[in-house]
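User: I'm new to this structure and would like a close look at a single part of it. Could you pick one stretch and walk me through how it fits with its surroundings?

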Amino acid sequence: RKCNVPTLILCGEYDQLTPVKRHEFMAELIPAAKLEIVTAAGHLPTLERPDVVNRVLMEWLSEKG
């Protein structure tokens with residue numbers, strides 16, 4: 001709750017190791033957090049859906065710059 005920096009929380013829709021519900025909880029705790037859920041991906045969205053992850057990262061970084 002004391003984290004006051006822009007934060008991107010990104011997870012895969014089918015992540016069973018750290019489920020979406022856990023990411024939603026983290027996003028609620030960080031005031032400046034943005035949650036992005038990558039569809040059709042599990043625990044490794046950077047390997048499973050690199051196109052989507054790259055797009056989300058580029059959009060999020062462009063908002064901050």
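Analyst: Happy to. Keep in mind that this is a predicted model, and everything below is read from it.

Let's start with helix α1, which covers residues 20-29. Which of its residues are buried? They are V20, H23 and A27. Those three fall within an arc of only 60° around the axis, so they sit on the same side of α1. To get a sense of distance, take E24 and P45: they are 21 residues apart in sequence, and their C-alpha atoms are 16 Å apart in space.

What do the buried residues of α1 pack against? Their partners are β1 (7-12) and β2 (33-38). These two strands also pair with each other, in the parallel sense, over six bridges. The chain runs from β1 through α1 and on to β2, a β-α-β crossover that is right-handed. If you want a spot to look for in the pairing, find G12, which stands opposite V38 in β2.

Between α1 and β2 there is a loop, and I30 lies in it. Is I30 buried or exposed? Its relative accessibility is 19%, and the cut-off for buried is under 20%, so I30 counts as buried. Setting aside neighbours within four places in sequence, I30 is in contact with C3, T7 and I9. L61, on the other hand, is 31 residues from I30 in sequence and 18 Å from I30 in space, C-alpha to C-alpha.

Now follow β2. V38, the residue opposite G12, also belongs to the largest nonpolar core. That core has seven residues in all: L8, V38, A41, V52, V53, V56 and W60. Helix α3 (residues 50-64) supplies the largest share, four residues. In general terms, nonpolar side chains in soluble globular proteins tend to be buried together.

Leaving out neighbours within four places in sequence, A41 is in contact with G12, E13, Y14, D15, E48 and R49. That list brings back G12, the residue that stands opposite V38. A40 is in the loop between β2 and α2 (45-48). Its phi is near 55°, a positive value in a residue other than glycine. A40 is partly exposed, at 47% relative accessible area.

As a general point, side chains of opposite charge can pair when their charged atoms come close. K34 is the one to find here: K34 and E36 form a salt bridge, with their closest N and O atoms 3.5 Å apart. K34 also forms a salt bridge with E63, and there the closest N and O atoms are 3.4 Å apart. This second pair links distant parts of the chain, since E63 is in helix α3 and K34 in strand β2, 29 residues apart. Put together, K34, E36 and E63 are linked in a network of salt bridges.

How accessible are the members of that network? K34 has a relative accessible area of 29%, so it is partly exposed. E36 is partly exposed as well, at 21%, and so is E63, at 47%.

Where does that leave the rest of the salt bridges? The count comes to three, and another of them joins R55 to E59, whose closest N and O atoms are 3.4 Å apart. Both R55 and E59 lie in helix α3, four residues apart, about one turn of the helix. R55 is partly exposed at 43% relative accessibility, and E59 is partly exposed at 38%.

Note on methods
Residues are numbered from 1 along each chain as its sequence is written. This is a predicted model: local features need pLDDT of at least 70, side-chain atom pairs count only at pLDDT 80 or more; totals for chains, interfaces and linings use all residues. Side-chain values use heavy atoms; hydrogens and water are left out. Buried means under 20% relative accessible area, exposed over 50%, partly exposed in between (1.4 Å probe, protein chains only). The arc is that of the directions from the helix axis to the C-beta atoms. Contact means heavy atoms within 4.5 Å. A nonpolar core is a set of buried Ala, Val, Leu, Ile, Met, Phe, Trp, Tyr and Cys residues joined through side-chain atoms within 4.5 Å. Two strands pair if DSSP finds at least two bridges between them. A crossover is right-handed if, with the strands pointing away from the viewer, the path from the first strand over the helix to the second runs clockwise. A salt bridge is a side-chain nitrogen of Lys or Arg within 4 Å of a carboxyl oxygen of Asp or Glu.
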